[in-house]
Amino acid sequence: MDNTLLILGAFGAILILVILITVFRVITLVDVAKGSDKKRASGSNFNNALLMPIFGLLFLGGIFYYSWASFEDYKLPVASDHGVKTDELFWITMLVTGGVFVITHILLFWYSWRYRFSEKKKALFYPDNTKLELAWTIVPAIALTVLILSGLFVWNDITADAPEDAINIEVMGYQFAWGVRYPGNDGELGDYNYQLIDNTNSFGVNFNDKAALDDFMPLKLVIPKDTPINLNIRARDVLHSVFLPHFRVKMDAVPGMPTNFHFVATKTTDEVRSETKNPDFKYEMACTEICGRGHFSMRLEVEVLTKEEYKKWASEQKTWVNMNQDYFTEGNGKRFELPKLAEEGQENEEKLSVNAAL
Amino acid sequence: MSEIKTQNVHIDSHEEHHDDHAHHETFISKYIFTTDHKMIGKQFLMTGIFWALIGGALSLIFRIQLGFPEADISWMRPMLGEWITPEGRLDPEFYLALVTMHGTIMVFFVLTAGLSGTFSNFLIPLQIGARDMASGFMNMLSYWFFFASSVVMFSSLFIETGPAAGGWVVYPPLSALEQAIPGSGLGMTMWLVAMALFIVSTLLGGINYITTVINLRTEGMSFSRLPLTIWAFFITAVIGLLSFPVLFAAALLLIFDRSFGTAFYLSDIYIGGEALPQQGGSPVLYQHLFWFLGHPEVYIVIMPAFGITSEVISTNARKPIFGYRAMVGSLLGIAFLSFIVWAHHMFVSGMDPFLGSVFMLLTLVIAVPSAVKVFNYLTTLWKGNIVFTPGMLFSIGLVSLFISGGLTGIFLGNSAIDIQLHDTYFVVAHFHLVMGSAAFFGMMAGVYHWFPKMFGRMINAKLGYVHFWLTFAGVYLVFFPMHYIGIAGFPRRYYTWSSFETFSNIFQDLNAFVTIAAIITFAAQFIFLFNFFYSIYRGRRAPQNPWHSNTLEWTTPIEPGHGNWPGAIPTVYRWPYDYSKPGAADDYIPQTVPYSETPESNTDFENELAALEKESGVEEVDETKE
Ligand code: HEM
Ligand SMILES: [Cu+2]
Ligand SMILES: [Cu+2]
């Protein structure tokens, strides 16, 4: 089977080679017969010149047609405050650069046709024109300045410190999944240290820190609408990158260097479902920094709820401590001083269930 | 004055050299350990072509995966062995290795060594009027270091754990930790060794190009009379000299981190069930170092292509290049700016957002000189008398590709927009058009244009036209659709997108289309390959100056020997772009024609120069013409 393939391949290659040699010979002979090898520009020059505007038409036409026809496919719904602004910048830039693109290409293909070689003509000796050159240095410079400035304002807003009332949620990337951790009732994420990581405590949370006791770690990222969310992003093995395409959010997850990104979601999952008429719509988080074998599969489901729904959901979540009581009684977790903390008394005793863990 | 004297001394000593060499030139000294710049240039070209085929073939394998993820590709097993899973699918790790090696090979081995190495070597002495490079021996070393580097990189494709697989940028910790991906074991070690050798090769070559251009220009060849090719090669070499050592340092520190337990780039890592002891390093540091080379590198790739295009467009539009000074100025401007925009690759790497603002500003500034170049090319075509040689077609193609790809840079350079586009297929579209395809077209333009000088024969033009049109349509069909895929958010370096609902059910047909276009475009390159090799032996004999060009290389014998000019080196009297000068009988005046011989076409200022020529008695004047 493999051998027949090889023989067929070799046979095909030889065939193609023979064809090419024949074509080469024929072209050479015809050129000599016509004397076009002596001419500055043979009939091919006309053909090549003509192909230029034809190519240009097909090219620009094709782009406009496809951009129009498949708009629904590549237009990704936007569901965050700042995303609306960056999309706007995107389309403004598209307008400006699109104009330049079309004009320069029309000139390029038109000139190629219009100024094709002729024995009778002589080209214009036109080595420079300072005014013209100044003009096309300054005009793009101004256009770019406008683009830069509008970009700068948006960028500064996006990257400003997170508002005080933002909900801090931790996102941790590892080969090959995402973990999320919520601060619980105290609104504060507990300390962590990578040296505390083990099979169960995959975040390396330091349970000697009181703030950690009410942290919970659900299997998907759930956030309320119209509320500032501050993602505290980190990685525990190699680089990853948090990508929330619908929210126009992207930020690398770096081992040893926590990063963050804050944003406000503007549409609940249900709202997008009815908007796109797709009852199965789900927000997703992807990884956009190459991280190894499973890079393409680092998916996390994301759900946006109304504020009320979110409150309800959050109050139903069990703390990690509660869910992993064995860890503290039998596992590695014995090293933490939960008993002491429990004695000091916690406000939300039954939820924390520290006592239960003992 | 003293410069000219040393020049003469050099010429004399070389001529003697030349003579007694010619007699006992063996196969080895002529084709293998040669110190002749022309042969070294051809060596770089042949090796570059070899690498282009490998790099292209690798890309077809992963394109098949992306276009037809469900296809049974067991038929590749004789070639890829264990990298095809028992179910007949591509192994996801090998997918990453393919992407990594494709990028590394194309950027460094094809578009840096294959392009700069070929044309800087071949053209610098010929176009500035020198017998050879400043140091033929170093030049030979430069090739053989490149060869050694190639051997190591090529071997790494066949080792059991696979070649490096962390992307062509090889960011640590992924590239530092074998536990993270098997390719980061021996494969990565070989990658680093190969790159170290490669950098040595580049530096040896670069020092030579710079020295040669500064010191060995023939009489009259002032900097303001240099062809734009030489300007481009010269500036490229300077950029390389300043940036490659930084990559060397980055690689060296990575070697330390990998093998000697240091922590330049590593910190707080838990992997394979254990917490590593390294603390305090920063993966972001590596990114800064890498892109400090990486961004200049992309200009190292495109600038020689600019140089070639300028030369070819001017020659074949039969017009002086428009705005010679602006063309040189924009090259210098781009060169300078290319060193201070690197962090635009890192807007969302976690670096200080304020730095992001600064780099956004600088990045968009670099678009200005790039725009100037495009406008100048267009104006050079305007009212020209255009001869469409294959070289000219590829040059026009370059201009188009550079516009298309350059404009998307303006999206990416805006950090606010880049948040969404970073590491999506939009970036892939951007750099394959502006760098990959444009530089490839520049390289092809150069090969077609200087083929007669390289091999003394003409390459078949008609096959060249077919090659051009198929390739031009092909690269657009391959890379333009990637914009849409990128705007839809598809991340790059993904083995498949089917794990995500957001990226499923759309564009699978478009991806299949891209794959088919890629296969056809790749196949079209065999027309070129055939034409190239067949014409070396069977092409029509080249005339002395096939394109009616002004530059010095066309004053050498049709097949120049070692030393380039049999007699004295010609003197240069004018710039290289006197095409279609009003008053002149022909539509070109070579650089070797003194102003005193062309009173009919001289400007007032040039008449003054002609008088100076007379005074110094360099050349007898044809009085009758006056
Ligand atoms: C018009 C001026 C240009 C601007 C403003 C620009 C801007 C950018 C930016 C901001 C990125 C980073 C995108 C990202 O990763 O999110 C990028 C990527 C890239 N650019 Fe450009 N660019 C320009 C021209 C060029 C040219 C002339 C070349 C090469 C000849 C080039 C080659 C590349 C490459 C290779 C990458 C991707 C590297 C990678 O991530 O693998 N660019 N460009
Ligand atoms: Cu990843
Ligand atoms: Cu860059």
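Begin with chain A and select residues 6-28, 49-69, 89-113 and 134-155, which the unreviewed UniProt entry annotates as "transmembrane region". UniProt positions are given in the numbering used here, feature names are shortened, and annotations may be inferred rather than shown by experiment. The model is predicted, so local features need pLDDT of at least 70 and side-chain atom pairs count only at pLDDT 80 or more, while totals for chains, interfaces and linings use all residues. Residues are numbered from 1 along each chain as its sequence is written, chains are lettered from A and ligands numbered from 1 in the order in which they are written, and side-chain values use heavy atoms, with hydrogens and water left out.

Two of these spans may be displayed on their own. Residues 49-69 of chain A are 100% helix and 0% strand, and their end C-alpha atoms lie 30 Å apart. Residues 89-113 of chain A are likewise 100% helix and 0% strand, with 36 Å between the end C-alpha atoms. Helices (H or I, at least four residues) and strands (E, at least two) are DSSP runs, numbered from the N terminus.

Next, select ligand 1 and its iron atom. Which residue is the only protein donor of this iron atom? It is His430(B), through NE2 at 2.2 Å. Donors are N, O and S atoms within 2.8 Å of the metal (3.2 Å for Na, K and Ca); water is not among the atoms, so sites may look incomplete. His430(B) belongs to helix α14 (residues 425-455) of chain B.

Now show the shell around ligand 1. It holds 21 residues, and the closest are Trp168(B), Asp418(B), His422(B), His430(B) and Arg492(B); a residue is near a molecule or strand if one of its heavy atoms lies within 4 Å of it. The largest share of the shell, 5 residues, comes from α14(B). By type, the shell divides into 11 nonpolar, 8 polar and 2 charged residues. Here Ala, Val, Leu, Ile, Met, Phe, Trp, Tyr, Cys and Pro count as nonpolar, Asp, Glu, Lys and Arg as charged, and the others, Gly among them, as polar. A polar side-chain atom of Trp168(B) lies 2.9 Å from an oxygen atom of ligand 1, and a polar side-chain atom of Arg492(B) also lies 2.9 Å from an oxygen atom of this ligand.

His295(B), in helix α9 of chain B, and His345(B), in the loop between α10 (324-337) and α11 (353-381), are 50 residues apart and link distant parts of the chain. His295(B) counts as buried at 5% relative accessibility, whereas His345(B) is partly exposed at 23%. Buried means under 20% relative accessible area, exposed over 50%, partly exposed in between (1.4 Å probe, protein chains only).

Finally, inspect the backbone. In chain A, the peptide bond from Gln175(A) to Phe176(A) is cis, with omega near -5°. In chain B, a cis peptide bond with omega of about 0° joins Pro172(B) and Pro173(B). Arg248(A) is not a glycine, yet its phi is positive, at about 55°; this residue is buried, with a relative accessible area of 4%.

Definitions and conventions
Polar contact = N/O pair within 3.5 Å; in protein donor to acceptor, adjacent residues only side chain to side chain.
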